[in-house]
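Have the viewer open while you read.

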Amino acid sequence: MLRNFIDRIKPNFEKGGKWGFLHSTFEAFETFLFVPNEVTRKGSHVRDAMDMKRTMIVVVLALIPCLLFGTYNVGRMHFDALGEAAGFWRMFGFGALKVLPMLVVSYVVGLGIEFIFAQVRGHQVNEGFLVSGLLIPMICPPDVPLWMLAVATAFAVLIGKEVFGGTGMNIWNPALLARAFLFFAYPSQMSGDSVWVADAVSGPTALSMFASGNMASVPSTSDLYWGFVPGSVGETSAFCILLGAFILLWTGIGSFRIMFSVLIGGALMVWTARLTGATDATIAQHLLSGGFLFGMVFMATDPVTSAQTRCGKLIYGFLLGVMAMLIRICNPAYPEGMMLAILLMNTFAPLIDYGVVNQNIRRRRKRQLKAEVAR
């Protein structure tokens, strides 16, 4: 029925039709519901079952465990901070009242801008914001004002994507640009203890404890792993993040090289800092705290803004992990370093690939010269 209805009204949205100027908008809704029925007629192409829509949907599915747990944890942290007893559904319901408006604002603002640009340019609406629109609320505090979230989302889409040409052309991760905009434009809403527990109830994070040297109050490794700690909506549960990582790796969408090298770089930096006495927290505590794992799995692996070559991915990930922990440990005023580390390495990813490719070219030339001399 749905397919027949769309086919019946489709001519009105074609070129020359009554609503032809809305073709890109109609096409966006049609391809969201159904796989495009267009095929190439000439040229050679690599053909498989994956397209951008399927790729984005898999990433969204990988994020769902973090979103659901984060929604519950927002309510749990709120009632724990107040010292009130509450059941699972009351906690989840309170969290949903905080998280769902954030999701609505993110998608309405972001997709609205994407649709407007598609209409003006006469281009198709890309599926990239399906993931960005979900990531933005998940990396923000649960108590961030919705108008600030709307402004940050607009900044991320306009400055982070559209000025560079849209999805696939952006230099930096759009979700992290929104977070960076909030952090630097409204620091009081993105720092301190109270912003991480809904309704501004004080709840210090593990990272703030690391920075202050208050190791006696640091949550247990078990709580850090399962996520029963204050923090951004989707960043607290290492278990849910690793479940998402398994989905991305199993489907071949996430890069194992980047995830592995980020983990090694971060662990090595913490190990070095512990040798010099720069931090008292263990490697496990640092890896399980803040947004390190979430950034490693869902944002460092962004295929648009990360390195593309195999060797480049290892270099990119390793330096990213080192920089994240270096910023976190050496700058007590900014205990979370993953955001700046990813944006910094996004900037240098093309340079890393350039160096790797040119090194490969030089090696091939040397092999060719040796072969010619041998003849």
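For the lining counts below, Ala, Val, Leu, Ile, Met, Phe, Trp, Tyr, Cys and Pro count as nonpolar, Asp, Glu, Lys and Arg as charged, and the others, Gly among them, as polar. Heads up: this is a predicted model, where local features need pLDDT of at least 70 and side-chain atom pairs count only at pLDDT 80 or more, while totals for chains, interfaces and linings use all residues. Residues are numbered from 1 along each chain as its sequence is written, and side-chain values use heavy atoms, with hydrogens and water left out.

- The largest pocket comes in at about 780 Å³; a pocket here is an open set of points on a 1 Å grid over the protein atoms alone, with protein on both sides within 12 Å along at least five of seven lines.
- Its lining takes in 34 residues, and Thr 55, Met 56, Asp 302, Pro 303 and Val 304 are the closest to the centre; a lining residue has an atom within 4 Å of a point.
- Helix 3 (52-82), helix 5, helix 7 and helix 13 (292-299) each give two or more residues to that lining, with helix 3 giving the most, four residues. Helices are DSSP runs (H or I, at least four residues), numbered from the N terminus.
- By type, the pocket lining splits into 16 nonpolar, 14 polar and four charged residues.

**Cavities**

- There are two cavities of 30 Å³ or more, a cavity being a set of grid points where a 1.4 Å probe fits but cannot get out.
- The largest cavity has a volume of about 80 Å³; for volumes, grid points are joined across faces, edges and corners, and the space filled by probe spheres set on them is taken.
- Residues lining the largest cavity include Arg 179, Glu 235, Glu 336 and Met 338.
- Helix 15 (338-374) is one of the elements giving two or more residues to this lining, and its three residues are the largest share.
- The cavity lining divides into six nonpolar, two polar and three charged residues.

**Salt bridges**

- The structure has six salt bridges, each a side-chain nitrogen of Lys or Arg within 4 Å of a carboxyl oxygen of Asp or Glu.
- Glu 114 and Lys 161 pair up at 2.5 Å, N to O. Glu 114 sits in helix 4 and Lys 161 in the loop between helix 6 and helix 7, so the pair ties together parts 47 residues apart in sequence.
- Both Glu 114 and Lys 161 are buried (under 20% relative accessible area, with exposed over 50% and partly exposed in between; 1.4 Å probe, protein chains only).
- Asp 143 and Lys 98 meet at 3.5 Å, N to O. Asp 143 is in the loop between helix 5 and helix 6 and Lys 98 is in helix 4, so this pair links parts 45 residues apart in sequence.
- Arg 90 and Glu 84 form another salt bridge at 3.8 Å, N to O; Arg 90 is partly exposed at 46% relative accessible area, and Glu 84 is partly exposed at 38%.

**Helix 6**

- Helix 6 (residues 146-160) has 15 residues and spans 20 Å from first C-alpha to last, close to the expected 21 Å (1.5 Å times one less than its number of residues).
- Its buried residues include Met 148, Leu 149, Thr 153 and Val 157.
- Helix 4 (88-121), helix 5 (129-138) and helix 7 (174-185) are among what covers the buried residues of helix 6, where contact means heavy atoms within 4.5 Å.
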